[in-house]
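Open the model in a viewer and follow the selections below in order. Each stop says what to select and what is there.

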Amino acid sequence: MEPDPRFTLANERTFLTWLSTALALSAGGVAMAAVPPDVFVPWIRTTLAVVLVTLSALAAGMAYPRWRNIQRALRNQAPLPPPALAAVFGYGIAGVAAAALVLIVVSGRA
């Protein structure tokens with residue numbers, strides 16, 4: 001059975017939002033890596049950059065399988081799958097933001 005087109009299009013918009021999020025996380029990781037070495041402690045800056053780019057890869061890599069699983073559930077009128085990585089993204093981004101905030105305050109460059 002074909003699902004309501006509104007739900008299919010909403011699922012597609014969510015898929016594209018995951019890709020946009022992945023792109024933003026990747027840009028944030030590259031920006032963090034490009035911060036001059038004298039601004040933040042180098043190993044912390046590199047760690048934050050790696051975490052952001054890793055979250056980016058996860059978001060991009062999980063976008064299509066999530067879209068596909070939701071589309072399948074819509075077609076079969078089954079319960080939607082839970083967002084498996086929501087906690088990882090929420091806590092990961094919050095952790096990076098908190099660490100960056102601390103580094104900004106400590107460096108005195110706010």
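Select residues 6-73: this span is 90% helix and 0% strand, with its end C-alpha atoms 15 Å apart. Helices (H or I, at least four residues) and strands (E, at least two) are DSSP runs, numbered from the N terminus. An unreviewed UniProt entry lists the span as "domain: DUF202"; UniProt positions follow the numbering used here, feature names are shortened, and annotations may be inferred rather than shown by experiment.

The model is predicted: local features need pLDDT of at least 70 and side-chain atom pairs count only at pLDDT 80 or more, while totals for chains, interfaces and linings use all residues. Residues are numbered from 1 along each chain as its sequence is written, and side-chain values use heavy atoms, leaving out hydrogens and water.

Next, select helix 1 (residues 5-34) together with helix 2; their axes come within 7 Å and cross at roughly 170°. Axes are lines fitted to C-alpha atoms, for helices over the stretch in contact, and angles run from 0 to 180 degrees between N-to-C directions. Helix 1 and helix 2 are therefore roughly antiparallel (angles over 145 degrees). Their contact has 20 nonpolar, seven polar and two charged residues. Here Ala, Val, Leu, Ile, Met, Phe, Trp, Tyr, Cys and Pro count as nonpolar, Asp, Glu, Lys and Arg as charged, and the others, Gly among them, as polar.

To see the contact (heavy atoms within 4.5 Å), show side chains including I44, L48 and L55 of helix 2 and F89, G92 and V96 of helix 3. By class, this contact has 14 nonpolar, one polar and no charged residues.

Now colour residues 43-64 and 84-106, which the unreviewed UniProt entry annotates as "transmembrane region". Residues 43-64 are 100% helix, with end C-alpha atoms 33 Å apart. Residues 84-106 are 91% helix, and their ends lie 35 Å apart.

Which aromatic pairs remain to be shown? The whole structure has two, counting rings of Phe, Tyr and Trp (its six-membered ring) with centres within 6.5 Å. Select W18 and F89: their ring centres are 5.1 Å apart and their planes at 55°, so the pair is tilted (planes under 30 degrees apart are stacked, over 60 edge-to-face, the rest tilted). W18 in helix 1 and F89 in helix 3 are 71 residues apart.

How values were computed
Angles under 35 degrees count as roughly parallel, over 145 as roughly antiparallel, 65 to 115 as roughly perpendicular and the rest as oblique.
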